[in-house]
Amino acid sequence: IAFQINDDIIDMQKDWANGQFNIANYRMRKLHPTVEDVSLLKKYLYINNDAKTLYLEAISALDKAIDVVKDLNVTNWKNNLFLTRRKILNTISEIDNYIKTLTAKVRHSNELYEFESLEKSIEEAIKYISDRQNSDGSWCEYINQGGISDVWSTAFIGNKIFDIAELKFEFQKAIKFVENSMNDDFLWGYNKTWINDCDSTNFALLSLLLANKKIKQECIDSLNKFQREDGGFSTYNDQKFLLESLNDININDVGGWCQSHQCVTAVTLYIKSYLKRDLEDILNYIKKIEIKNITSYWWSSPIYVYYYLSHSYNIIDCNTVLDKIIEEISSLQLEDGSFKTNCMDDRVFYTAMALEILMFDYDKHVSKVNKAVSFLMKNQYKDGSWTNSNALLIPDPSKDVWHVKNFPISSIGVGVRAQEFDRLFTTSTVLKSLNGYNKQRTISSKVKQ
C-alpha cells in the first residue's frame, strides 16, 4: 500500500494520460470534479495538504509492515522499509516547508510605508510579531537542510520581545514552548527533529533567564561541554554524530562546524555575564582577538558578534572594551543612516543591532542614533514588518573560514545564506532596537528638563 501510494503521487500525470487508476488522481477528482487539467490537480494536491494526508497513510501502512516483519530474519526487506519510511517523512517535511514559505510570502506587504510616528511604527511591528505566533507559542523562521526552525527561532525572537509590555502574553507562551522543547540531556536544537547545538541552547537559556526562570545546573553543565580548549564555544561538539546526522555523501569533514565560533561564544558570554560565573576562560578567548578582527562564522556581518559582546561587557562593567566596540560600530555608519555590511541587502537587521550598541553611549552618538532610526522607519513595510535579511550563513562544514560575498541565498546546501522567509528575525530585532530607543529618548528628555 505504502509503495503504491508513493508511486501514484509521483506518476499522477503519467497515469492520467494512460487512463490508469491512481489514488491521488481519484482523491483529487472527487474534491475538484470540474477540473480536467491534471497539472492543476497536482498543484491542489500539495497546496491543500492532500499529498501530506496520503503520505501519512503510507507511513501508517509502513509501520504495520515493519511490525509484521520485526521478528523475521529479512534484513534487506527491513532496511528497504525503513529507508522508504525515512524518504516519505522527508517528503512530508518538504511539503510542510513549502506550504509555510508560500503562505508567508502571500501574506507579506511589499509596500514601504513610513508611519506618522515612532510609536505607530512600533505598534504595527508588535501586531506583526503577535499575528505570526503559532498556537503552541512558537515562531517558525529560517529554512535550510535541517528544515524550518521552531525551537531556535522562538528562543531568538523571545529574546527580542521580553520587555515589550504589549507582547507579554506572547512571550509567556514562547517561554512555555521553549521549556517543553528541552531534550533529555538538558540541551536544545534548531528544531525538534534536529540534533542539539550550542547556539540553540544559548538562546533557550537566555530566554529563560530573561523570563526570570531558574536555570538548572544540568543545563549549564551540558552547555559547558561545547567549550573548546582555547576557551571558545563551538556550535557542535561531536563530529562523528554530526556526520551521521547530516547523512550526506558529499560531506565527510565537519571540523569547521566543531571549532570555536566567535558568534556562538559571544552569546554564551552574554549568558555567563548574567549568571556571573565561569567567565575567566571565555573572556581570555575574546581578549586574544583584536576588536577590528572580530568575525562571525554563522552570520553575514561581525556586527552580530559586536552586538552580543557589547551587551555582555555592559553587564560586567567592562567599559574600556565596550567603548572600543562602540567606536568601531560608529565608524561603519553610512550616509543614509544604515551600517556597512558584507552583503548590503542585510543592512536593516544589522542597523538595528548597531543602533542598540550606539545607545550604550547615547548622548555622545545621538546624531548617529537618530540617523539609524530614520533609516529603519523609512524601510518598514505597511504590514509592520521589515524585509527578510537572509543573514544566517550555512558555511561548508569542512572550512574554517569563508568569503560571505560569494554566498547565494538558498534553502538547501552549504556555502549559502539561509532563507529568512517570514521576516521575523529582522522585524523582532528592529522592534527591540526601536522600543529601546523610544525608552531612552524619553529618559533623556526628562533628564534635560
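Modeller: Tyrosine 142 is buried, at 1% relative accessibility; buried means under 20% relative accessible area, exposed over 50% and partly exposed in between, using a 1.4 Å probe and protein chains only. This is a predicted model, where local features need pLDDT of at least 70 and side-chain atom pairs count only at pLDDT 80 or more, while totals for chains, interfaces and linings use all residues. Residues are numbered from 1 along each chain as its sequence is written, and side-chain values use heavy atoms, leaving out hydrogens and water.

Tyrosine 142 belongs to strand β1, residues 141-144; strands are DSSP runs of E with at least two residues, helices are runs of H or I with at least four, and both are numbered from the N terminus. Its phi is near 70°, a positive value in a residue other than glycine.

Helix α8 (residues 151-161) packs against helix α10 (residues 198-210) at about 40°, with the axes 8 Å apart; axes are lines fitted to C-alpha atoms, for helices over the stretch in contact, and angles run from 0 to 180 degrees between N-to-C directions. That angle makes α8 oblique to α10, because under 35 degrees counts as roughly parallel, over 145 as roughly antiparallel, 65 to 115 as roughly perpendicular and the rest as oblique. The contact (heavy atoms within 4.5 Å) involves Trp152, Ala155, Phe156, Gly158 and Asn159 of α8, and from α10 residues including Phe203, Ala204 and Leu210.

Phe156 also leads us to serine 428, which touches Ile129, Phe156, Ile157 and Lys160, leaving aside neighbours within four places in sequence. Serine 428 sits in helix α19, residues 424-448, and is buried, with a relative accessible area of 0%. A polar atom of its side chain lies 2.8 Å from the backbone oxygen of leucine 424.

Finally, the loop between α9 (168-180) and α10 holds phenylalanine 186. Phenylalanine 186 is partly exposed at 23% relative accessible area, and its phi is near 65°, a positive value in a residue other than glycine. Methionine 182 has its place in the loop between α9 and α10 and is partly exposed, with a relative accessible area of 23%. Leaving aside neighbours within four places in sequence, methionine 182 contacts Leu187, Trp188, Lys216 and Cys219.

Conventions:
A polar contact is a pair of N or O atoms within 3.5 Å; within protein, one must be able to donate a hydrogen and the other to accept it, and residues adjacent in sequence count only if both atoms are side-chain atoms.
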